[in-house]
Amino acid sequence: MAKLILPDRGAVMLPKEVERSLAGYSSSGEDMKTASDSNVFRYVHASSDSVRFLKIQRFDTWSPPLSREADAMIWLADRLPVPEVVLYHRADETEYLITVGLPGISTENNAFHGNKQRLVEQLADALHTIH
């Protein structure tokens, strides 16, 4: 079993289902922590450079369950460019979500903070597309 080091919990063994979905991929182990309570890790495939993201979150956290995020991405898939859900898995009190990386940068990136009007316009366009 592969393991990751989480800042708040130490070493965590990954379930076999998660390991299988990340076969051929490797990560630096750097936690790309976002505004949620999830730990986020970037994985790159050795031969194709394709990217997957692994989110790990305890089920008893203040953040919404990762199952909701997975459901939302699946629902939005034919409406907006959203990451493809590779796997959602829950083991004991921990949730795992693996998605395919998309080109571009996250709106959480500081590059968006300099032009908030443009960011709001892009988000408004996306909302208009699905409503």
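Biologist: How many helices and strands are there in the chain?

Modeller: This is a predicted model, where local features need pLDDT of at least 70, side-chain atom pairs count only at pLDDT 80 or more, and totals for chains, interfaces and linings use all residues. Residues are numbered from 1 along each chain as its sequence is written, and side-chain values use heavy atoms, with hydrogens and water left out. Helices (H or I, at least four residues) and strands (E, at least two) are DSSP runs, numbered from the N terminus. The chain holds 3 helices and 7 strands.

Biologist: What percentage of the residues of the chain count as buried?

Modeller: The C-alpha atoms fill a box of roughly 45 × 35 × 30 Å along the principal axes. Buried means under 20% relative accessible area, exposed over 50%, and partly exposed in between, with a 1.4 Å probe and protein chains only. Of the 131 residues, the buried share is 31%.

Biologist: Among contacts between residues at least 6 apart in sequence, what percentage join residues at least 24 apart?

Modeller: A contact here means heavy atoms within 4.5 Å. Of the contacts between residues at least 6 apart, the share that joins residues at least 24 apart is 45%.

Biologist: How far apart are the centres of the positive and negative side chains?

Modeller: Lys and Arg count as positive and Asp and Glu as negative, while His and the chain ends are not counted. The place of a charge is NZ of Lys, CZ of Arg, CG of Asp or CD of Glu. There are 14 positive and 18 negative side chains, and the distance between the two centres is 2 Å.

Biologist: Which side chain is joined to that of S38 by a polar contact?

Modeller: S38 is in the loop between β3 (25-27) and β4 (39-45), and it counts as buried because its relative accessibility is 0%. Leaving aside neighbours within four places in sequence, S38 is in contact with K33, K55, I56, Q57 and L66. A polar contact is a pair of N or O atoms within 3.5 Å; within protein, one must be able to donate a hydrogen and the other to accept it, and residues adjacent in sequence count only if both atoms are side-chain atoms. At 2.6 Å, the partner of the S38 side chain is Q57.

Biologist: With which side chain does K55 make a polar contact?

Modeller: K55 lies in strand β5 (residues 51-58) and counts as buried, at 15% relative accessibility. Not counting residues up to four places away, K55 touches residues including S38, L66, E69 and E95. Its side chain makes a polar contact of 2.9 Å with the side chain of E69.

Biologist: Which residue's backbone nitrogen does the side chain of E95 reach?

Modeller: E95 is in strand β7 and, at 0% relative accessibility, is buried. Beyond four places in sequence, its contacts include K55, Q57, L66 and Y88. The E95 side chain comes to 2.9 Å from the backbone nitrogen of L66.

Biologist: Is D49 buried or exposed?

Modeller: D49 sits in the loop between β4 and β5. Its phi is near 65°, positive in a residue other than glycine. Most residues other than glycine have a negative phi. At a relative accessibility of 58%, D49 is exposed.

Biologist: What is the phi of D92?

Modeller: D92 is in the loop between β6 (85-91) and β7. With a relative accessible area of 70%, D92 is exposed. Although D92 is not a glycine, its phi is positive, at about 55°.

Biologist: How far apart in space are G104 and E84, C-alpha to C-alpha?

Modeller: G104 is in the loop between β7 (94-100) and α3 (116-130), and it counts as exposed at 67% relative accessibility. In sequence, G104 and E84 are 20 residues apart, and in space their C-alpha atoms are separated by 15 Å.
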